[in-house]
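Welcome to this short tour of a protein. Take a moment to look over the sequence and the 3D picture, and then read on.

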Amino acid sequence: MAQHDPSHVASSQKALMLEMKSLQEEPVEGFKITLVDEADLYNWEVAIFGPPNTHYEGGYFKARIKFPIDYPYSPPAFRFLTKMWHPNIYENGDVCISILHPPVDDPQSGELPSERWNPTQNVRTILLSVISLLNEPNTFSPANVDASVMYRKWRDSKGKDREYVEIIRKQVLSTKAEAERDGVKVPTTLAEYCVRTRAPAPDEGSDLFYDYYYDDDDMEGGDGDCCYDEDDSGNEES
């Protein structure tokens, strides 16, 4: 068994505990996070809700984040458990995104070191990057070439070529049964998707799931801050 530097273990565990606490107190819209095993801080399970007004609306997508012992100096790995058809997601579910690549100089990748992982990044920035990537694929360096070609056909035809969209919609529909099995209500409106944050009560400190809170203004489409802008959904004609 590999021996790990105790200082790295202590440092990474402290960082992960602080991040989990931060995500409980200030959730990221559209996500739920828990530990796969409460005794293991290095494996997180993520539930991603498809943003309203996008092709992923109503979807319930599961993923895993696996952290290295020397986190945050090295990036975690992000893998979807739900079957995903996307230019930047490999067939096995691994996500190909600059923020998760080690900060090495690799001219052939087309990425600048500044676009890659650095210790100032965290789970929050990863989640926001992944949800942005879903709706705005990078077709210059695809992980799934067939999906990339299909996406470009949809984009260049201004929505007339619907093969890409139809595959995603079928995948979204297929996730509804799992959401029901898990007892999860998937948000489908902006008011439901956006969250209010609050510090958890003392007896809630061990709850590893996000808590979603809405006030009356949120549910009525009030002027509360929202994570997602209808005019910036990334959708073109459909």
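This is a predicted model: local features need pLDDT of at least 70, side-chain atom pairs count only at pLDDT 80 or more; totals for chains, interfaces and linings use all residues.

Residues are numbered from 1 along each chain as its sequence is written, and side-chain values use heavy atoms, with hydrogens and water left out.

**Overall layout**

- The protein has six helices and four strands; helices (H or I, at least four residues) and strands (E, at least two) are DSSP runs, numbered from the N terminus.
- Reading from the N terminus, the order of elements is α-β-β-β-β-α-α-α-α-α.
- Of the 238 residues in the protein, 42% are buried; buried means under 20% relative accessible area, exposed means over 50%, and partly exposed is in between (1.4 Å probe, protein chains only).
- The accessible surface is about 13,000 Å², and carbon and sulfur atoms hold 50% of it; such areas come from the Shrake-Rupley method with a 1.4 Å probe, and for residues only the protein chains shown count as cover.
- Among contacts with a separation of 6 or more, 62% are between residues 24 or more positions apart; a contact means heavy atoms within 4.5 Å.

**The nonpolar core**

- In soluble globular proteins, nonpolar side chains tend to be buried together.
- The largest nonpolar core here has 49 residues, and those that touch the most other members are Trp44, Ile48, Phe78, Phe80, Val123 and Leu127.
- At least two residues of this core come from each of α1 (6-25), β1 (31-37), β2 (40-49), β3, β4 (77-80), α2, α3 (145-156) and α4.
- A nonpolar core is a set of buried Ala, Val, Leu, Ile, Met, Phe, Trp, Tyr and Cys residues joined through side-chain atoms within 4.5 Å.
- Leaving aside neighbours within four places in sequence, Phe78 is in contact with residues including Ile48, Ala63, Ile65, Val95, Leu100, Ile126, Leu127 and Val130.

**A look at helix α2**

- Helix α2 has 13 residues (123-135), which should span 18 Å at 1.5 Å a residue; its end C-alpha atoms are 19 Å apart, which agrees.
- The expected span is 1.5 Å times one less than the number of residues in the helix.
- Buried residues of α2 include Val123, Ile126, Leu127, Val130 and Asn135.
- Asn122 caps the N-terminal end of α2, with a side-chain oxygen 3.1 Å from the backbone nitrogen of Arg124.

**Salt bridges**

- Side chains of opposite charge can pair when their charged atoms come close.
- A salt bridge is a side-chain nitrogen of Lys or Arg within 4 Å of a carboxyl oxygen of Asp or Glu, and by this rule the count comes to eight.
- Glu178 and Lys62 form one of them, with their closest N and O atoms 3.3 Å apart.
- Because Glu178 lies in helix α4 (residues 163-181) and Lys62 in strand β3 (residues 60-66), this pair ties together parts that are 116 residues apart in sequence.
- Lys62 is buried, at 13% relative accessible area, whereas Glu178 is partly exposed at 24%.
- Lys62 also forms a salt bridge with Asp182, at 2.7 Å between the closest N and O atoms.
- Asp182 lies in the loop between α4 and α5 (190-193), so its pairing with Lys62 in β3 ties together parts that are 120 residues apart in sequence.
- Arg155 and Asp156 meet in a salt bridge too, at 3.2 Å from N to O.
- Through shared partners, Lys62, Glu178 and Asp182 are joined into one network.

**Backbone details worth a look**

- Most residues other than glycine have a negative phi, and most peptide bonds are trans.
- Asn53 is not a glycine, yet its phi is positive, about 65°, and at 31% relative accessibility it counts as partly exposed.
- Lys158 also has a positive phi, near 55°; Lys158 is in the loop between α3 and α4 and counts as exposed at 54% relative accessibility.
- Tyr71 and Pro72 are joined by a cis peptide bond, with omega about 10°, and Pro72 lies in the loop between β3 and β4.

Technical notes:
A polar contact is a pair of N or O atoms within 3.5 Å; within protein, one must be able to donate a hydrogen and the other to accept it, and residues adjacent in sequence count only if both atoms are side-chain atoms.
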